[in-house]
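I opened my notebook to look up a few things in this model. Here is what I checked, entry by entry.

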Amino acid sequence: RAKGAIQPLWLVGTSRGTISAAALAIALPDQVAGVVLTSSVAGFNVPAAVHRQAIDQLKMPVLVYHHAKDACKHCQASDAPYIIKGLTNAPIKKLMVVDGGANPIGDECAGQHWHGFIGMEQEAISQIANWVKRPAN
């Protein structure tokens, strides 16, 4: 809150959190200014995947942000366009597939791998923040 004014609410979800962020935006459309989905659950074998929800009801800007090398089997960048395709009523929708960072280690579905934008965290934050400030297709 700034001087008593309510600030716009943006929902941001990463990986499994994208399922919740999309569901909450669908449930509370009048309270959500926009949505950012990073490393989205988009696999066709996941019943609650983002693109399987009623995302056609979203009428706010949506950014879908993925790493090109994300190897998490539920969050492939190649499946992310299905989310964009389902956002039929979003006035602004953007798919950003990035390729940067370095030295992934451990679990492919964890933060220290491409799934978590390892080695490019600040760049990812800047790109996302700049888009939220001025959403555009």
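I count a contact when heavy atoms lie within 4.5 Å. This is a predicted model, in which local features need pLDDT of at least 70, side-chain atom pairs count only at pLDDT 80 or more, and totals for chains, interfaces and linings use all residues. Residues are numbered from 1 along each chain as its sequence is written, and side-chain values use heavy atoms, with hydrogens and water left out.

Entry: I started with Leu37 and looked up what it touches, leaving aside residues up to four places away in sequence. Among its contacts are Gly13, Thr18, Val50, Val62, Tyr65 and Ile83. Gly13 stands opposite Leu37 in strand 2. Helices (H or I, at least four residues) and strands (E, at least two) are DSSP runs, numbered from the N terminus. Strands 1 and 2 run parallel and are joined by five bridges; two strands pair if DSSP finds at least two bridges between them.

**Entry: the cores.** A nonpolar core is a set of buried Ala, Val, Leu, Ile, Met, Phe, Trp, Tyr and Cys residues joined through side-chain atoms within 4.5 Å. The largest one has 20 residues, and Leu37 is among those with the most contacts inside it, as are Val35, Ile55 and Leu87. Two or more residues each come from helix 1 (16-27), strand 2 (34-38), strand 3 (62-67) and helix 2 (81-86). Helix 1 gives the most, with four residues. I also noted a second, separate core of ten residues, including Leu63, Phe117, Ile128 and Trp131.

**Entry: Ser39.** I found Ser39 in the loop between strand 2 and strand 3. Ser39 counts as buried because its relative accessibility is 0%. Its contacts, again not counting residues up to four places away in sequence, include Thr14, Asp70, Cys75 and His115.

Notes:
Buried means under 20% relative accessible area, exposed over 50%, partly exposed in between (1.4 Å probe, protein chains only).
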